[in-house]
Amino acid sequence: FYRAHIEFTAADDLPGIAMSLNSLGNVYQANGDVDNALAFFDEALEISDALGDREATLQALANKAAALIGADRLDEAASIIETGEEQAGGPFLPLQINKGILMIKQGAFPQAQAELEKALAGAASQDRASQAKIHFALGRLMRVQENAAGAIDYFQQALADDRANGFYAGMAQDHTNLGDTHLQQASPEKALAHYKQAIKLYALLGDGPHVKQVMEKLEQTAAGTGADIRLTTHFVKRWLEDKRLDRPCE
């Protein structure tokens with residue numbers, strides 16, 4: 001994305017510059033660097049707004065709202081989503097999804113479910129990335145409402161969507177949440193299987209912090225079931241340390 005930004009800048013391609021800034025912001029957000037992510041989104045927003053590019057402007061607003069929600073800056077996120085809705089003048093899927101996620105964090109569960117179900121109904125059948133986000137958010141909603149069976153169903157659907165897209169980090173996240181939910185349902189063997197897959201995916205991605213988090217869950221669950229996880233830990237350690245490993249795209 002950095003190289004793309006250089007090339008777009010050299011070509012004086014303003015839509016491309018805005019697009020690359022948005023993409024860079026998403027990377028910073030994924031790494032938990034919210035302040036830098038917001039700086040990229042604001043710059044992209046300024047360019048897209050000046051160009052009169054409605055779609056790009058709304059996408060930058062949606063990205064900014066997502067970053068603010070992730071940082072628990074909920075009032076700011078709500079304001080950004082309201083601004084986006086006013087400019088959209090109709091449904092804009094990324095804003096709808098983020099509004100549903102915001103409502104979950106605000107504890108407005110019935111409203112969140114209605115918003116997310118409306119977003120799901122409006123998502124194109126081939127847009128598996130959006131469907132994955134919606135299914136995952138609905139899974140989280142079911143979990144906080146202690147509906148484990150519903151949560152498992154939605155997380156499984158999110159996993160199918162992420163598999164279809166080859167989104168490895170998403171698959172790892174889905175497996176982790178499926179493991180957590182099965183554990184709540186007193187099904188440690190099922191939880192263990194999901195934790196094993198999650199931790200191996202994170203290791204392939206070189207994501208040490210998430211490997212550490214899932215390893216704690218894996219070891220605790222294995223201790224309770226008497227399962228042998230030596231092979232899993234062997235592969236995880238080897239994949240994390242292997243500098244020559246051809247890692248899958250995140």
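This is a predicted model: local features need pLDDT of at least 70, side-chain atom pairs count only at pLDDT 80 or more; totals for chains, interfaces and linings use all residues.
**Pockets and a ring pair**

Trainee: What kind of aromatic pair do Phe136 and Phe155 form?

Mentor: Rings of Phe, Tyr and Trp (its six-membered ring) pair if their centres lie within 6.5 Å; planes under 30 degrees apart are stacked, over 60 edge-to-face, and the rest tilted. Here the centres are 5.3 Å apart with 55° between the planes. So the pair is tilted.

Trainee: Which helices does that pair link?

Mentor: Helices are DSSP runs (H or I, at least four residues), numbered from the N terminus. The two residues are 19 apart, and the pair links distant parts of the chain. Phe136 sits in helix 8 and Phe155 in helix 9.

Trainee: How much space lies in the largest pocket?

Mentor: On a 1 Å grid over the protein atoms alone, a pocket is an open set of points where a 1.4 Å probe fits, with protein on both sides within 12 Å along at least five of seven lines; lining residues have an atom within 4 Å of a point. Points are joined across faces, edges and corners, and the volume is the space filled by probe spheres set on them. That gives about 2,200 Å³.

Trainee: Which residues lie closest to the centre of the largest pocket?

Mentor: The lining has 50 residues, dividing into 23 nonpolar, 17 polar and 10 charged. For those classes, Ala, Val, Leu, Ile, Met, Phe, Trp, Tyr, Cys and Pro are nonpolar, Asp, Glu, Lys and Arg charged, and the others, Gly among them, polar. The closest to the centre are Gln29, Ala30, Lys133, Phe167 and Gln173.

Trainee: Which helix gives the largest share of the lining of the second largest pocket?

Mentor: That pocket holds about 170 Å³, and helix 2, helix 3 and helix 4 each give it two or more residues. The largest share is 6 residues, from helix 2.

Trainee: Is Ser20 buried or exposed?

Mentor: Ser20 is found in helix 2. Beyond four places in sequence, it touches Phe1, Ala4, His5 and Phe8 (heavy atoms within 4.5 Å). With a relative accessible area of 3%, Ser20 is buried.

Definitions and conventions
Residues are numbered from 1 along each chain as its sequence is written. Side-chain values use heavy atoms; hydrogens and water are left out. Buried means under 20% relative accessible area, exposed over 50%, partly exposed in between (1.4 Å probe, protein chains only).
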